[in-house]
Amino acid sequence: KFDVVLLSHCLYGDEAKETTLEEALKRVAPGGILLLFHRWDKSGMTIKSLSKYLSGKKILHSVLSFNASLDLSNLTKIDRARMSLYTKDVFDPTDKRASFQRTIGMISIEPHSCNLSDVEAQEKNQKRVFDHVSFAARTKSPAAIVAPQASAGIQACIYAASTREFGFHAVSVVGGGHSANCFGDGALAIDMSSWKKVEVDPVSRTVRVEGGATIGEITVACEKHSLAVPLGDRPGVGMGLILQGGINHLMRRFGLACDSIKRCVYVDPKGKLRIAETDDDLWRFKGAGTNFGVVVEVTLQAHELQSIYCETRIHSPSFQLYSQMLANYEEAASSLSVTGSLDGYMYWQSSSALGFATALFETDAQSIPTHVNNIKHAMPTGSSIVLSETLTPSELFDRELYMTPAFSPEAATGIGKTPPKKLRSLKKCVFLHTLGCTSMLAEALKNTPSKWCYIHILHGGGQVAKVPSTS
């Protein structure tokens, strides 16, 4: 069996084209593709007939036609007569032109991954992917789940949705699986779990990432070269974070995750494989990238970074002084340079008392003493350090405020048992220019429907605020 099987203009006069196609499909290795080329005769009759045959077999595929320019400058009279025969007299052998345009049709197939009639494979896909995606996604019912191993498979999925021959008219993409949108009711889900490759170039400080790689996999690969990309805070999140912004603890120094995109390879909504490299082409992928096709690969800019200093402090303000504590927090955060960020965390530390915690993330060792002193000066009373250590970027994943001793929901609820390390929750995000509404935030927490509710304040500014005028 072969990775690529090519049927190039070999079906002319074949009375059993479907049988020939079937035999060719049998010779394709798992993950391999079959490419079929045939002249676009009588409005593509042959190509359309074979496409209909494949649809009847429930094999996803894509169809494309294009104009090929044939160089005739060195052809003899005999060659020109053969050309006339090949084109069925469309080309006049007495024509002295040096070139000739011919419309060619193409069918591309990734048969092993894109065969919807393979019930066993579909059941395996369903089980594997449903166990992987978020609770919100599992409430939806996709029409089918396909796990392409080649871009031809992704193109076939897009083409199938555009023609609606298989009963669905939309696709969704399963990367990290955290988004509710990775499934759609009645849609074809494209599982990117086979697209995990991460290649780091330490010389150019760039990282080539396939569309199914997660934030954790990228971070670990970069760490081996003392590099980091400003990514999110959960290792299992996928490409959706990079394409839709990407808030992170390094953003004040290096920007949002999407700011790191240097190049993007994607399949557009028409099923064509395209490359975005210029600013004009890339801007759409820096915030709204999930709306413009299926990303096969991105190249990201990495930065030198070996470690981050982390310090978590717990404060115990009274109800009356809670708003003042928030104001003090804003003063402390504003005093930091772009190398550091200071998160705030508003929560219930018991059933009757509010708590407040801060987490310093410092990327410059020389700035640690200054920034720690600034925090002590702005927030002088009622605080204690519960965590202070230097970590690698991948170790940072387990140092989120809601995953440290700062968050103790069993104390707030009195359940009497240890809760899971990370709780499933409904999240709402709000972007604020300043914390001038400290009293409103304090009142919001005091009136939460459950003591499990919390408000996580992420420190922005710095490079995040430097938006290019062309954006």
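The lining of the largest cavity has 7 nonpolar, 4 polar and 2 charged residues. Here Ala, Val, Leu, Ile, Met, Phe, Trp, Tyr, Cys and Pro count as nonpolar, Asp, Glu, Lys and Arg as charged, and the others, Gly among them, as polar. A cavity is a set of points on a 1 Å grid over the protein atoms alone where a 1.4 Å probe fits but cannot get out, and lining residues have an atom within 4 Å of a point. This is a predicted model, in which local features need pLDDT of at least 70 and side-chain atom pairs count only at pLDDT 80 or more, while totals for chains, interfaces and linings use all residues. Residues are numbered from 1 along each chain as its sequence is written, and side-chain values use heavy atoms, with hydrogens and water left out.

The structure holds 1 cavity of 30 Å³ or more. The space in the largest cavity is about 140 Å³, a volume being the space filled by probe spheres set on grid points, which are joined across faces, edges and corners. Of the 13 residues lining the largest cavity, Leu-231, Gly-232, Pro-393, Leu-396 and Phe-397 lie nearest its centre.

Now turn to the helices, which are DSSP runs (H or I, at least four residues) numbered from the N terminus. Helix α1 (residues 17–26) packs against helix α2 (residues 45–56) at about 60°, and their axes are 11 Å apart. Axes are lines fitted to C-alpha atoms over the stretch in contact, and angles run from 0 to 180 degrees between N-to-C directions. α1 and α2 are therefore oblique to each other, since angles under 35 degrees count as roughly parallel, over 145 as roughly antiparallel, 65 to 115 as roughly perpendicular and the rest as oblique. On the α1 side, the contact (heavy atoms within 4.5 Å) is made by Lys-17, Glu-18, Leu-21, Glu-22 and Leu-25, and on the α2 side by Thr-46, Ser-49, Leu-50, Tyr-53 and Leu-54. These residues divide into 5 nonpolar, 2 polar and 3 charged.

Helix α11 (residues 322–334) and helix α14 (residues 438–446) have axes that come within 8 Å and cross at roughly 125°. That makes α11 oblique to α14.

Notes
On a 1 Å grid over the protein atoms alone, a cavity is a set of points where a 1.4 Å probe fits but cannot get out, and a pocket is an open set with protein on both sides within 12 Å along at least five of seven lines; lining residues have an atom within 4 Å of a point. Helices (H or I, at least four residues) and strands (E, at least two) are DSSP runs, numbered from the N terminus.
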